[in-house]
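My notes follow the order in which I looked things up.

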Amino acid sequence: MTDFNNIINRTGTYSTQWDFIQDRFGRGDLLPFTISDMDIAMPPIMQEAIISRVQHGIFGYTRWNHDDYKGSIVHWYKDSYQANIQESWISYTPNVIYALTRFLDLLDPNHKGVSLITPCYDGFMKILKANKFPLFPIAQSIIEKEYRVDWNKLEDAISQSGAFLLCNPNNPNGYLWTREDLEKIVKTCKKHGVAIISDDIHMDYVYGTKSIIPITTVAEELDYLDKVVIISSASKTFNISGLGGAYVLCPNQKINDTFQFILKEKDSLSSAMALNVLATIVGYTECKPWLEELKAYFYNNLSFVDSYLKTNLPEIKFTIPESTYFAWLDCSGLGLSSEQFQDKLVNKGKVAIMGGTPYQEPKTFLRYNVACPLSKVKEGLERIYLSLK
Ligand SMILES: Cc1ncc(COP(=O)(O)O)c(C=O)c1O
């Protein structure tokens, strides 16, 4: 059993989460539960492989286009999602968001616009705005603790757009798209000839016996494989975002070739991050047992949040999510605006937690990252409590 209770000091590592809190929250003396990375070390087997590679000492240009790398991705999808990914669909990308931008340009060349369901990952908003894609958002509402989408409104949004952007599962609320949801999305996009890009970076944190269903699985059944793309990475799964590197699964060979041309010839970014290639191979072939242990640990953290709030702060509404390591807290019952609440959290409780606003959530919400030792989760909750008393 891996001991995830161990606190590892991350300050002094140029960590965005720990060393640069001030940038976003205005002061540096806060306990951070902010961006989506973990205070958990990579799997020991991966660490050994990286150490041995570092000791080799030479980090020349490195290739990704080989069976070891692509085969490990094919294996992971088969093993985790019973999905038949082909090696020919795979391209390396320096990160998820770079590929997302390039694929939006390829699939919606006239920038008709992008439809998506909110709340959604704040990084989507930034690239859509910066790359001048009109936005067609549809809000998910919560009815009797269940997330609902108005499918008529969604169809209206899709019909006006050039691409649909999915986050599977959804960051920030941890909603796990069901087969029924995905079928509706694919059918509606097919009806209007709209391409689908699915960002699956959080795919491996799904609790219990459920798992994500890759959009390619549903699209293949509905004869729409040519118009869907998945962009994902081992980075969230094993906490290796700092190593760079992600990948694309694009069944449409012509579009995949065009992407590889852009990656290699236009943007000169095809040479892979050596440590990412190694970490992905090791992670996807040897680290499943570690992931299962960590998921159980995070589920326990989420359960702790649930019982703490019920006992101490019942005004904050929370349902344990089916996926992701975020507790998406509905704090609208406190009667405070997002700004007022953030001010209390930062200046009284000395805790940094992302509010709902960047995720297009109009009500007062918090996205509390529980990917850390339980003792830190507890301290964060006590600080939230303190900030309100
Ligand atoms: C849904 C989602 N997509 C993409 C990213 C960023 O991925 P990358 O750093 O590979 O661009 C994040 C990071 O938090 C994320 O939550």
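I began with the domain assignment of the protein chain. It gives domain 1 as 16-35 + 288-388 and domain 2 as 50-286. I noted that domain 1 is written in two segments. I kept in mind that this is a predicted model.

Next I checked the spacing. The C-alpha centres of domain 1 and domain 2 lie 26 Å apart. I then looked up who takes part in the contact: domain 1 supplies 24 residues and domain 2 supplies 30 residues.

How much area is buried between domain 1 and domain 2? I read about 2400 Å². Carbon and sulfur atoms give 59% of that area.

The rule finds 2 salt bridges across the interface of domain 1 and domain 2. I also looked up the pair aspartate 79 and lysine 288, which forms a salt bridge. Its closest N and O atoms are 3.2 Å apart. For polar contact, I found 10 residue pairs across the interface of domain 1 and domain 2, with both residues at pLDDT 80 or more.

Which elements give two or more residues to the side of domain 1 that touches domain 2? I found α13 (288-312) and β10 (326-330). On that side, α13 gives the most, with 9 residues.

Last, I sorted the residues on the side of domain 1 that touches domain 2. I got 14 nonpolar, 4 polar and 6 charged.

Notes:
Residues numbered from 1 in each chain as written. Predicted model: local features only at pLDDT ≥ 70, side-chain atom pairs only at ≥ 80, totals over all residues. Heavy atoms only, no water. Domains from an automatic or database assignment. Contact = heavy atoms within 4.5 Å. Buried area = accessible area lost by both parts, 1.4 Å probe. Salt bridge = Lys/Arg side-chain N within 4 Å of Asp/Glu carboxyl O. Polar contact = N/O pair within 3.5 Å; in protein donor to acceptor, adjacent residues only side chain to side chain. Helix = DSSP H or I, 4+ residues; strand = E, 2+ residues; numbered from the N terminus. Nonpolar A, V, L, I, M, F, W, Y, C, P; charged D, E, K, R; others polar.
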